[in-house]
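User: I am new to this structure and would be grateful for a close look at a single part of it. Please give one connected account.

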Amino acid sequence: MTDAALTPSANSLRQTVEARLKKRHAQEMRFRLYGRLAIVIALSFLAILLGRIVTQGYSTFIDYQITVPVHLDASKIDKADPTGANYDMLVANSVLAKLGETDDEFGNKSGKVLEIMSNDLGFQLLKMVREDPSLIGKTVTVTGPVKSDAALYFKDQIKRATPEDERKLDNQQLDWMDKLKASGAVTSGFNTGFLTRSDSTEPEQAGVLGAIVGSLMMLLVTATLAIPIGVLAATYLEEFAPKNRWTDLIEVNINNLAAVPSIVYGLLGLAVFINWMAVPRSSPLVGGLVLALMSLPTVIIATRSALKAVPPSIREAALGVGASRTQTVFHHVLPLAMPGVMTGAILSLAHALGETAPLLMIGMVSFVPGVPEGFTGAATVLPVQVFIWENASERGFHERTAAAIIVLLVFMIVMNLAAILLRRRFERRW
Amino acid sequence: MLTWIALTALLLFSLATYMAGRRRAVAVTAGKPAQLHSLPGYYGSYAALWAGVPAALLILLFAMFGGRLEAGLLRVDPPAAVQELTAPQQDVFYDDARAIARGGTPSETIYDGALKTALEDKAAKSQQISSLIQYGSIGLGAILALAGVFIAYPRISPQFRARNKVEGWVAGLFVVCSVTAILTTAGIIASLVWESWRFFQAVPVHEFLLGTEWNPQIAMRADQFAGAGAFGAVPLFVGTFLIMLIAMMVAAPIGLFSAIYLSEYASPWTRSVVKPLLEILAGVPTVVYGFFAALTVGPLFRSFFNWIGAQLAGGSFDGLAQYLMQVQNQMALVAGAVMGIMLIPFVSSLSDDIINAVPQSLRDGSLAMGATRSETVKKVVLPAALPGIMAALLLAVSRAVGETMIVTMAAGLQARMTLNPLDTVTTVTVQIVTLLTGDQEFDSPKTLSAFGLGLTLFAVTLMLNIVALRIVRKYREQYD
């Protein structure tokens, strides 16, 4: 049939259909566009989030160390009691000497020098003198970080263009720093201190070692409790439990527990573990207990789906050659489900690693200036360290917060990659 | 420390029992192990379980509750001087006595005269009791372990069904592990209800649930227990609702549309790239979102609104301009928007599953009738998936209500009854965190009110979850 054969009314029908089709296709295109847009928005949020944290945090991994020879003036240090001397002042005077300046009688200049270099140098001197009192009267060289504000200037985050009264350092201090850097007394390098020190009140001396160790100890407690209990509970529910009201109740209960807000687990930990069972506050033990309860439902759910994936023929074959049900499960079904179980367990541990809110409830917000002493000692963990530093007022801590987040994310990425690799390497399709 | 040594010794003992039991099982058959009912290892395990488990449970129980037992025994027969003290003072006294006995640091209370001698006396007694408990529990454990061996060892004979017995122990372990989940729920409910009940004795329930003024700080002064309306939680509920609403307005459309695109349009390659990326977004810890909200989004939004305010200033909207120029970093919009970002992958992956569960035949039917893909999605797939999507959104709401770190770091502390997204509001979770971090006295309504809030939060999220899970369950059955 050709177009010419169409009657006028059919022609107009065709036109309306074509017009409508055009509209419908336009609608289709719009709809598809909305979908693309949604994905682009979601992914750009991810990019902005990660990009922002990396740009804020990467500079922490560069630090500026100052090296000065200090004359341990015998007249200023009491040999009998070396702790009493003002080592910071000795350092400040050596720096001033290096700059070719002399302190005025009120100590204004040395005070200003102390604002640009860390008191870590003074501590180092004290430690040296304590270990070897014969150093008094000699000249020693110490290397230590500059104060965080000074480091921010070197990193161009405090700018000279800012009016003098709006920044923490005045023009004279900036001049001095330029001079020190030009003379080679200040050198930059990779900030190992951030990974080998623990929390401190001075941003330039603060590091994440204590938090990393605390996190690992807490995860150890969580893993030793949540994984065996969760796997056994899931095995029971999946392989042994009769279908009755009790097991139904347990099942509904587990699904609901998985969606309980994490802060409620913190309240539970506070009321039961700390107030009732008197577990020490803010210890890795109590944190691990709370997180174990929190990750138990996820471990159970993951294990159950891994067990479901093992085909019934395996069970039937084992039972057929005379194995008991327990033997069937422990010798055949569980080993075959293990990759899936471990993947789920690692993912829930990664989730527990990033959890903060319940730990605030059980007193983990305290300042812990060292590596935790044991499972019942006070500890801090990485996400809580992020929270503590975020609340600190000094600018130097903001940079460190972002860096601590980078460390936390690296740990999480490693755990997730491990889970993915495990799944890829050992997963069996039946 | 002693407990650990005892437990290690017990472990070695039961290992030895295992070896002995196994050897005996082989021995009783006079060289024909095939006569045994079970494999020899089961006889060994049977003996080892009897030797190890009861004793280990006893030692662990004493290690966990020995401290409480000691504190209770210490209070028996109090000296006259101590009886005169008030109850809290007595608590401090006994804590100090135990701290001295343990070589710890006692409180700074000064005791003199009769009290001092009483303290020294009690400290010595505390040491006695605690060593009695420790050695006593280990002694009892040793007796139990030996008794276990004497029970199990003679039973070993070729007819003895050792495997069934060992599997009975394993079944017991299974049940104990499964009951942990129930115990957790019971523990949550019991602790929340118990502490809330103590709170509701100081502040009536209706005042808490319907009061419109929230100012828990007032109650810290002893003479102002529950000052009028200070514990009205309505502003917190409003604040939580507002932030949840903003979050859902961000997360629901973006999450839903990306789910539709991923399941209906995207090529397998796009799916394999985008889904893991969204999973990364889901895996980012909430404290990171909080940091992002507080230090990036907050200042950005504030300067944006301040800039608009500055543009409008002096014009016909001067009032609005003045308002915009003083908005703060902690406005509800910031916390809500960032929480919305956090929820996108949650909404998207749940809805993706649900959309995928709609049978292909429905789509094919619709496409065969000439509908375009978007028409199929809008008229066929979405209506079929609607209950499931509603459930996913409810679960997201429950997440938003219970989310803590983002709001703690990015929302304010002032409790205000407002639905203006540019105002600062506070939420239930923020208040729980503020009330319970730092120094706490466990009998002040200020601290206890956190449990009242926790109970409300738990009840609301539980309700949302139950409804959502029920919908999901019912809906899944439809197509199976």
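What is the handedness of the crossing of H10(A) and H16(B)?

Analyst: In this predicted model, the crossing of H10(A) and H16(B) is left-handed. On the side of H10(A), the contact is made by A:Ile263, A:Leu267 and A:Leu270, while H16(B) contributes B:Thr429, B:Ile432, B:Val433 and B:Leu436. Sorted by class, six residues of this contact are nonpolar and one is polar, with no charged residues.

The contact between the chains takes 75 residues from chain A and 79 residues from chain B. About 6900 Å² is buried between chain A and chain B, and carbon and sulfur atoms give 76% of that area. Across this interface one salt bridge is found. A salt bridge links B:Glu375 with A:Arg24, whose closest N and O atoms are 2.8 Å apart.

To summarise the part requested, H10(A) and H16(B) pack with a left-handed crossing, and their contact has six nonpolar residues.

How values were computed. Residues numbered from 1 in each chain as written. Chains lettered and ligands numbered in written order. Predicted model: local features only at pLDDT ≥ 70, side-chain atom pairs only at ≥ 80, totals over all residues. Heavy atoms only, no water. Contact = heavy atoms within 4.5 Å. Buried area = accessible area lost by both parts, 1.4 Å probe. Salt bridge = Lys/Arg side-chain N within 4 Å of Asp/Glu carboxyl O. Left-handed = near helix turned anticlockwise from the far one by under 90°. Helix = DSSP H or I, 4+ residues; strand = E, 2+ residues; numbered from the N terminus. Nonpolar A, V, L, I, M, F, W, Y, C, P; charged D, E, K, R; others polar.
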